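Hello,

Here is the structure we talked about. Please open it alongside this note. My findings follow below.

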Amino acid sequence: MGAPEIGGDSTGAIDADSTSLVTGDLDDTSGNIWSDTWSVQSGPSYGSASVDPSTGTWTYDLDETNPAVQALDAGQTLTDTFVIRVQDTGGNDTQTVTITITGVPCFVAGTMIETAAGPRPVESIRPGDLVMTRDENLQPVRWTGQRTVHAPALAQEERMRPIRIRKGALGAGLPRNDLRVSRQHRLLVTGAWVRRMCDVDEVLLPAVRFLGWPGVDLAPPDGPVSYHHLLFDRHQIVLAEGTASESLLLGEEARNTLPPYALLEIEALFPGPDVQRRLATPARLIPPSHLQKRIVEGGQAGRALDTEHDAPTARKRQTS
């Protein structure tokens, strides 16, 4: 009888703002009679991994607040790996587990954004156009980006389909029309429950967290879907179908995922490390995953959660 040999599930996939865990089963296929002990030999970069020491069942928990994960563009992927080790009396073996993370950020074409000229479809907005922001009133758009996901990809990969928030589903008549955003696109949330959980008045939560609320579901896989970015001089809160939501949050990792032509355009507009740090600073607190879940569950149970929709006024930005 020889050393153990690992077989079983060595791959997994998850979307960039998933609330779920990825799991798989590994087995000792050597046929020897000794008891196995399983462990994580080296961990992943963008999440955490664990393994049942007796059964070889592994679990991967994505950290969706990681800047590299947040930076993923529509249809782009990021690979994470960790190594599982099994040991018994006969020796040991290792297996690398590979996780594919798919990102699908931003607004869907047709979304009406509040501008100096009134509501306009996001795809019609160009650099230099003035858009209403929550913190600094009218601000010029500095750069726009777009990526199209076609019907076959939408049908094959559910993670690429946008979240659909039906008209009025958030209360107070909001959104004004059905709002479609990517799964990881964040909405501004406020209320007593937010204050209790996070000790701040306002936070940003990804749209995928609201799946399961009445009027919030996955859009059907009717393609193509065109996703659009709006980039300002800093991360902003804008009004999309009357609902407060974020602009593009651009960190170093985001630059690394952009196509070369876009990277050249943005670097020309925003040179220097100080500007890059400003672009990577979120306009509001983005709570860790466990708090995001508690905020949404608490708001759903008591209807204490509220998406902010007042007319935007200039105010001091939160720095939490």
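**Overall picture**

Of the 320 residues in the protein chain, 48% are buried. Please keep in mind that this is a predicted model. The chain has seven helices and 23 strands. Among its contacts with a separation of 6 or more, 67% are between residues 24 or more positions apart. The accessible surface of the chain is about 13800 Å². Carbon and sulfur atoms account for 47% of that surface.

**Nonpolar cores**

The largest nonpolar core has 32 residues. Which of them touch the most other members? They are Phe107, Ile113, Ile165, Val203, Phe210 and Leu230.

Leaving aside residues up to four places away in sequence, Leu230 touches Phe107, Ile113, Val122, Ile125 and Val141, along with Trp143, Thr144, Ser247 and Leu248. Two of these partners, Phe107 and Ile113, are also named with Leu230 among the core members that touch the most others.

There is also a second, separate core of 19 residues. It includes Val51, Trp58, Ala68 and Val69.

**Aromatic pairs**

Trp58 comes up again here. The whole structure holds three aromatic pairs. One of them is Trp58 with Phe82. Their ring centres are 5.6 Å apart and their planes meet at 70°, so this pair is edge-to-face. Trp58 sits in strand 6 (residues 57-62) and Phe82 in strand 7 (residues 76-88). The pair therefore ties together parts that are 24 residues apart in sequence. Both Trp58 and Phe82 are buried.

Phe82 has another ring partner, Tyr60. Are the rings of Tyr60 and Phe82 stacked or edge-to-face? The centres are 6.1 Å apart and the planes are at 5°, so the pair is stacked. Tyr60 is in strand 6 and Phe82 in strand 7, 22 residues apart, and this pair too links distant parts of the chain. Tyr60 is buried, as is Phe82. Taken together, Trp58, Tyr60 and Phe82 form one aromatic cluster.

**Salt bridges**

The structure has 13 salt bridges. Here are some to inspect.

Glu136 pairs with Arg234, with the closest N and O atoms 3.7 Å apart. What does this pair tie together? Glu136 is in the loop between strand 12 (130-133) and strand 13 (137-140). Arg234 is in the loop between strand 20 (225-231) and strand 21 (237-240). The bridge therefore ties together parts that are 98 residues apart in sequence. Both ends are partly exposed: Glu136 has a relative accessible area of 26%, and Arg234 has 29%.

Asp217 bridges to Arg164, and their closest N and O atoms are 3.0 Å apart. Asp217 lies in strand 19 (residues 216-218) and Arg164 in strand 15 (residues 163-165), so the pair ties together parts that are 53 residues apart in sequence. Asp217 is partly exposed, at 26% relative accessibility. Arg164 is buried, with a relative accessible area of 16%.

Arg186 forms a salt bridge with Glu246, with the closest N and O atoms 3.2 Å apart. Arg186 is in strand 17 (residues 186-190) and Glu246 in strand 22 (residues 243-246), so this pair ties together parts that are 60 residues apart in sequence. Are Arg186 and Glu246 buried or exposed? Arg186 is buried, and so is Glu246.

Finally, look at Arg134, Asp135, Glu202 and Arg284. A network of salt bridges links these four residues.

**One proline to find**

Pro152 is in helix 2 (residues 151-156). Pro152 is exposed, at 62% relative accessibility. Pro152 and Pro221 are 69 residues apart in sequence, while their C-alpha atoms are 8.3 Å apart in space.

Best wishes

Notes: Residues are numbered from 1 along each chain as its sequence is written. This is a predicted model: local features need pLDDT of at least 70, side-chain atom pairs count only at pLDDT 80 or more; totals for chains, interfaces and linings use all residues. Side-chain values use heavy atoms; hydrogens and water are left out. A salt bridge is a side-chain nitrogen of Lys or Arg within 4 Å of a carboxyl oxygen of Asp or Glu. Helices (H or I, at least four residues) and strands (E, at least two) are DSSP runs, numbered from the N terminus. Buried means under 20% relative accessible area, exposed over 50%, partly exposed in between (1.4 Å probe, protein chains only). A nonpolar core is a set of buried Ala, Val, Leu, Ile, Met, Phe, Trp, Tyr and Cys residues joined through side-chain atoms within 4.5 Å. Contact means heavy atoms within 4.5 Å. Accessible areas come from the Shrake-Rupley method with a 1.4 Å probe; for residues, only the protein chains shown count as cover. Rings of Phe, Tyr and Trp (its six-membered ring) pair if their centres lie within 6.5 Å; planes under 30 degrees apart count as stacked, over 60 as edge-to-face and the rest as tilted.
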